[in-house]
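Here is a short briefing to read with the structure open beside you. Take it topic by topic, and keep the viewer handy.

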Amino acid sequence: YESEYENGITHFLEHLLFDGTTHLSREEIDGSMRDLGGYINAFTRKDLTAYMVLLPKQYINHGLTVQADMLFNSNFPEVELAKERLVVIEEIKRSADSPGADADDFFTHHAYGATDYARPVLGYESFIANIPREAVISYWKKNYTPDKMTALIIGDFKTDEIRKTMADIF
C-alpha cells in the first residue's frame with residue numbers, strides 16, 4: 001500500500017505500534033506478555049506485516065486484546081517517534097552494510113525492475129528521518145482496518161469459540 005514517496009512507512013509504523021496505546025504504555029504491552037510467559041513481536045516483508053503474539057492458551061483473550069489495542073488505539077508519542085526513527089535508520093544502515101547487500105540489491109533491481117517490489121522494505125533514511133507524525137497517523141488510519149487484515153491463529157482451541165472471541169475483541 002506504500003506509494004513511491006512513502007517507501008518504508010509500513011516498517012516504521014510496525015515499530016511505532018509497540019510504543020503505547022490509549023490504554024497501555026510500551027512497558028505494559030511488552031511486560032504483560034512476558035509476565036504471562038508469552039512473547040510479542042512483528043516483522044515486515046514486501047507483501048505483509050505480521051504481528052505475533054505467542055501465549056499459553058489460557059491467556060489468549062489477553063493477547064488478542066493487547067494486539068487489537070496496538071493495531072487500533074496506538075497513540076504515537078512524540079518522544080517514541082524520535083527514538084524509533086533512530087532505530088529504523090540504524091536498521092537501514094546495518095542492512096546496507098551486511099554481507100550480500102550488494103548482491104541482494106542487484107537481484108532485486110533485475111528481478112523486479114520498476115515495480116513496487118524493487119523498493120526496500122526498510123525505506124530510505126531521508127524519508128524516515130523526516131516523515132511527519134501526522135503522515136504516519138494518516139497512513140495508519142487508512143490502511144490498518146479489519147478489511148485489510150487476516151488473522152492466523154494456531155493452537156489448542158475450539159474453532160467456534162475462537163471465532164466468537166475474535167468477533168468480540170476485534
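Predicted model: local features only at pLDDT ≥ 70, side-chain atom pairs only at ≥ 80, totals over all residues.

The protein has eight helices and two strands, and helix α1 is mostly covered, with eight of its eight residues buried. Another residue to look up is Asp69, which is buried yet has no salt bridge.

**Overall layout**
- Along the sequence, the elements run α-α-β-β-α-α-α-α-α-α.
- Taken along the principal axes, the box filled by the C-alpha atoms is roughly 50 × 35 × 30 Å.
- The protein has 170 residues, and 37% of them count as buried.
- If you take contacts between residues at least 6 apart in sequence, 75% of them join residues at least 24 apart.

**Surface and charge**
- The accessible surface comes to about 10500 Å², and 55% of this belongs to carbon and sulfur atoms.
- There are 17 positive and 28 negative charges, and their mean positions are 4 Å apart.

**Helix α1**
- Helix α1 spans residues 9-16.

- In soluble globular proteins, nonpolar side chains tend to be buried together.
- The largest nonpolar core here has 29 residues, and Phe12, Leu13, Leu17 and Phe76 touch the most other members.
- Helices α1, α2 (26-35), α3 (60-73), α4, α6 and α7 each give two or more residues to this core, and so does strand β1.
- Leu13, one of the buried residues of α1, touches Tyr51, Phe76, Val136, Tyr139, Trp140 and Tyr144, not counting residues up to four places away in sequence.

- Asp69 is found in helix α3.
- Which side chain of opposite charge is nearest to Asp69, and how far away is it? It is Arg26, 14 Å away.
- A salt bridge needs a side-chain nitrogen of Lys or Arg within 4 Å of a carboxyl oxygen of Asp or Glu, and Asp69 has none.
- Leaving aside neighbours within four places in sequence, Asp69 is in contact with Thr21, Thr22, His23, Leu24 and Ser74.

Terms used:
Residues numbered from 1 in each chain as written. Heavy atoms only, no water. Buried < 20%, exposed > 50% of the residue type's maximum accessible area, 1.4 Å probe, protein only. Helix = DSSP H or I, 4+ residues; strand = E, 2+ residues; numbered from the N terminus. Contact = heavy atoms within 4.5 Å. Areas by Shrake-Rupley, 256 points an atom, 1.4 Å probe, with all protein chains shown as cover. Lys, Arg positive; Asp, Glu negative; His and termini not counted. Charge placed at Lys NZ, Arg CZ, Asp CG, Glu CD. Core = buried A, V, L, I, M, F, W, Y, C linked by side-chain atoms within 4.5 Å.
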